[in-house]
Amino acid sequence: MIPNIIHFILFGDRPFNHIHYVAIKSAYEVNYPTKIFFICEEEPNSRWFSKCIPFIELVKLRAPKTVFGRPLLHNAHKADVVRLERLIEYGGIYLDLDTICVRPFKDLLEHDCILGREYVIWEGKKYIKGLGNAVILAKRQSSFLVRWYETYKNFRSIGKDQYWAEQSVHVPELLSKIYWDEITVLDELAFFTPSYDAEELNMFFEGNHCYPNSYVHHLWESVSYESHLSNLSPSAILGSKSTYGLEAKKYIGPADISS
């Protein structure tokens, strides 16, 4: 079985704010994990992180500079490698810090490894992009994750280039077609709806839309920060009637505005 433990990773000096607090608190309250690991180089100096201390186990870890001798130049790729290493060693559930859990993973834990499809919208049509790594569930020493990790021997991205998502999205999709019996692939509704399409993000952050088949929503912080997340202060969340606002306010209260 997949152990009910959760892993979060923060590399670099990105500020830890209330959006990230909601990611951890929702994972804690929705899934009742036996443990939440928070992996970082240095403990964030943030009141929002301080609120997480009671329900996390802090793991200080230097971000890797290489994998199989190949350079890792971007913090995102360093985190990509470490999430696989941690899951291979411990098993469990990996979640990006720009997620919010809305439904327990409990009914998924009997599988060996689970990934969900990512999609893009192009000219009004939905196209599958690959398998996303913002949410990964796996048992310890998952054979699929071991195979995936070993493909980093061919890692070639040097940043936000044409190979940016090769190892994290496209390679696992290719492997899933070959080693289909080692992985369970869920449709895009499970982990990656809405997509990072502007219209879908608007519907999620400004509208009130129901996503009954979702376990977790990925917020696509790198895309949505300027357009949506930067405007979502704790007080704005409390007054929001959007899909995200209604979920997030379960974990943010009036005291969080004044403190």
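## Cysteines

A disulfide is a pair of cysteine sulfur atoms within 2.5 Å. By this rule, the number of disulfides is zero. This is a predicted model, in which local features need pLDDT of at least 70 and side-chain atom pairs count only at pLDDT 80 or more, while totals for chains, interfaces and linings use all residues. Residues are numbered from 1 along each chain as its sequence is written, and side-chain values use heavy atoms, with hydrogens and water left out.

Cys40 is buried, at 0% relative accessibility. Buried means under 20% relative accessible area, exposed means over 50%, and partly exposed lies in between (1.4 Å probe, protein chains only). For Cys210, the closest cysteine sulfur is in Cys101, 17 Å away, again too far for a bond. Cys210 is exposed, with a relative accessible area of 58%.

## The largest pocket

Pockets are found on a 1 Å grid over the protein atoms alone: a pocket is an open set of points where a 1.4 Å probe fits, with protein on both sides within 12 Å along at least five of seven lines. Lining residues have an atom within 4 Å of a point. A volume is the space filled by probe spheres set on the points, which are joined across faces, edges and corners.

The largest pocket has a volume of about 860 Å³. Its lining has 30 residues, and Ala76, Asp96, Asp98, Trp164 and Ser222 lie nearest the centre. Helix α3 gives the most to this lining, with six residues. Helices (H or I, at least four residues) and strands (E, at least two) are DSSP runs, numbered from the N terminus.

## The second largest pocket

The second largest pocket holds about 170 Å³ of space. Cys210 is one of its lining residues, which also include Val102, His217 and Lys250. Which helix gives the most to this lining? Helix α10 (residues 243-248) does, with three residues.

## Backbone details

The peptide bond from Thr193 to Pro194 is cis, with omega near 10 degrees. Pro194 sits in the loop between α6 (188-191) and α7 (198-205).

Phe68 is not a glycine, yet its phi is positive, near 50 degrees. Phe68 lies in the loop between β4 (66-67) and β5 (70-71). Phe68 is partly exposed, at 41% relative accessible area. Gln141, also not a glycine, has a positive phi of about 60 degrees.
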